[in-house]
Amino acid sequence: MNSNNNTSCVNISSMFPSNDNIFSRRCIWVNGPVIIGAGPSGLAVAASLKRQEVPFIILERANCIASLWQNRTYNRLKLHLPKQFCQLPNLPFPEDFPKYPTKYQFIEYLESYATYFDIQPKFNETVQSAKFDERWLVVATGENAEKVVPEFDGLEDFGGDVVHSSDYKSGERYRGKRILVVGCGNSGMEVSLDLCNHNASTSMVVRSSVHVLPREILGKSTFEVGVTMMKWLPVWFVDKTLLILTRLLMGNTDKYGLKRPEVGPLELKNTTGKTPVLDIGAFSKIKSGKIKIVPGIVKFGPGKVELVDGRVLEIDSVVLATGYRSNVPSWLQVDNDLEEMAIEKNPFPKGWKGEAGLYTVGFTRRGLSGASLDAMSVAQDIASSWKEETKQQVKTVAVRHRRCISHF
Ligand SMILES: Cc1cc2nc3c(=O)[nH]c(=O)nc-3n(C[C@H](O)[C@H](O)[C@H](O)COP(=O)(O)OP(=O)(O)OC[C@H]3O[C@@H](n4cnc5c(N)ncnc54)[C@H](O)[C@@H]3O)c2cc1C
Ligand SMILES: NC(=O)C1=CN([C@@H]2O[C@H](COP(=O)(O)OP(=O)(O)OC[C@H]3O[C@@H](n4cnc5c(N)ncnc54)[C@H](OP(=O)(O)O)[C@@H]3O)[C@@H](O)[C@H]2O)C=CC1
Ligand SMILES: O=C(O)C(=O)Cc1c[nH]c2ccccc12
């Protein structure tokens, strides 16, 4: 970014379908902060800025808000955490929504959020590079901006269908087929469950370890139990308690090939960002053998996969539930020392503020509730410096005006 009083400049590429060359680069001047990304994080910070009467612009690469939720999730997806932990600032979910809203209800909520706060992002604008100085750049492009697609030996000879979980919609087209799901995070577990419900023969790769917890403990969400305990107790103690309760409810999950990490579930989430699996039914399918757990992959061959235990499985299709990554390093031009700052490195709760007007929302590994907290802090911080600058400018104009008058 470049600057001039309260304006900022970003280089963006836009899609103009009528142009010969559909991609064009241009520099736009913006009055006030630039927000990049119109997912929940971008919308939350925009709404909070609106309430403080700070003008802004949102640039979004897709043609709609919340594109992760609208375009890159499977049909059966529901929020994992109760709705009060997933709402954005200043507009609660409708009362008649269930405790765990469906993705369609979540999208409906986000659409009404944007309408209510009159947020109008500029769509089809992909930020390709951004430099910044003393102005405000709010990075809200998400921890899940790009799919992670690992390289596997022989995959080019496999011959069957290979999709990432972000392109998986439903198990309907896999009925009666043999599917390998690679990865056992929340996506791998839920895709496996969905495949199983569509009578596909499903094997799921667990190459290392995973924490599987019940979604609820005695009618209370496990997440809520965890965060409530964390207010008073150290994380190791909370983790121990959750694991004891999990053991009582689920038994020994190791027995079924789901080895637990050494570090407890919340500590692991805090330190590495790895989210524990909140089970919504996959575990009982694993217990009954309907979802088969298999170890890491050595290589693929035509219609088959070889595993590290020497087994070879014949399979028709592969779903890569291998996770996501941020795309910030590819477009944000920062000096080396700035790289050490906000983005993904600063610990909670300070992670949202960098140097020189750079802010991040939704990178503190705390899901939607963390993004909402970031958004409120960022908007507050920007609003106070915006008001300060606006006051300065009014003063400057007044002084110039007086000089003019004294000239006569
Ligand atoms: C399947 C799935 C389910 C989840 N469920 C939950 C849940 O139940 N509860 C919870 O708390 N969290 C959940 N999460 C975590 C998730 O990260 C948040 O729900 C939420 O979507 C994060 O919002 P965000 O705005 O930070 O990122 P995103 O929703 O990813 O939005 C970022 C936006 O930025 C845009 N963008 C990216 N790069 C650029 C660029 N260079 N230029 C312009 N625009 C760009 C993207 O198109 C996107 O619209 C889930 C994640 C996944 C993948
Ligand atoms: N209903 C909900 O709310 C849902 C929420 N989510 C959220 O979305 C985010 C992303 O989840 P998800 O998509 O599951 O991604 P994750 O990053 O959580 O999981 C990726 C999985 O892929 C495995 N993996 C990666 N590379 C390989 C490889 N080469 N060979 C074998 N396995 C591999 C990982 O194993 P390893 O651990 O060994 O690296 C891990 O099990 C999370 O925050 C999750 O909670 C997702 C789905 C549903
Ligand atoms: O589902 C997700 O991706 C989330 O990030 C939600 C979430 C944030 N912190 C957690 C701790 C335990 C389980 C889920 C989450």
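Mentor: Ligand 2 is surrounded by 24 residues, and the closest are His-80, Gly-183, Gly-185, Ser-187 and Gly-323. A residue counts as near a molecule or strand if its C-beta atom, placed from the backbone, lies within 6 Å of it. This is a predicted model: local features need pLDDT of at least 70, side-chain atom pairs count only at pLDDT 80 or more, and totals for chains, interfaces and linings use all residues. Residues are numbered from 1 along each chain as its sequence is written, while chains are lettered from A and ligands numbered from 1 in the order in which they are written.

Trainee: Which helix gives the largest share of the shell around ligand 2?

Mentor: Helices (H or I, at least four residues) and strands (E, at least two) are DSSP runs, numbered from the N terminus. Here helix H4 (residues 186–197) gives the largest share, four residues.

Trainee: How does the shell around ligand 2 divide by class?

Mentor: Ala, Val, Leu, Ile, Met, Phe, Trp, Tyr, Cys and Pro count as nonpolar; Asp, Glu, Lys and Arg as charged; the others, Gly among them, as polar. The shell around ligand 2 has nine nonpolar, 12 polar and three charged residues.

Trainee: Which residues surround ligand 3?

Mentor: They are His-80, Leu-81, Phe-223, Lys-269, Thr-275, Pro-276, Leu-278, Arg-366 and Gly-367. Four are nonpolar, three polar and two charged. Domain bounds come from an automatic or database domain assignment. Domain 1 (8–145 + 326–407) and domain 2 (148–323) each give at least three residues to the shell around ligand 3.

Trainee: What is the strand order in the open sheet?

Mentor: Two strands pair if DSSP finds at least two bridges between them. This open sheet has four strands, ordered E5-E4-E7-E22, with parallel pairing. Strand E5 (57–59) and strand E22 (358–360) are the edges; each pairs on one side only. Strand E7 (residues 137–139) pairs with E22 over three bridges. Val-139 has Thr-360 as its bridge partner in E22.

Trainee: At what angle do H6 and H7 pack?

Mentor: Axes are lines fitted to C-alpha atoms, for helices over the stretch in contact, and angles run from 0 to 180 degrees between N-to-C directions. Helix H6 (residues 235–250) and helix H7 (residues 265–272) pack at about 130°, with axes 7 Å apart. Angles under 35 degrees count as roughly parallel, over 145 as roughly antiparallel, 65 to 115 as roughly perpendicular and the rest as oblique. H6 and H7 are therefore oblique to each other.
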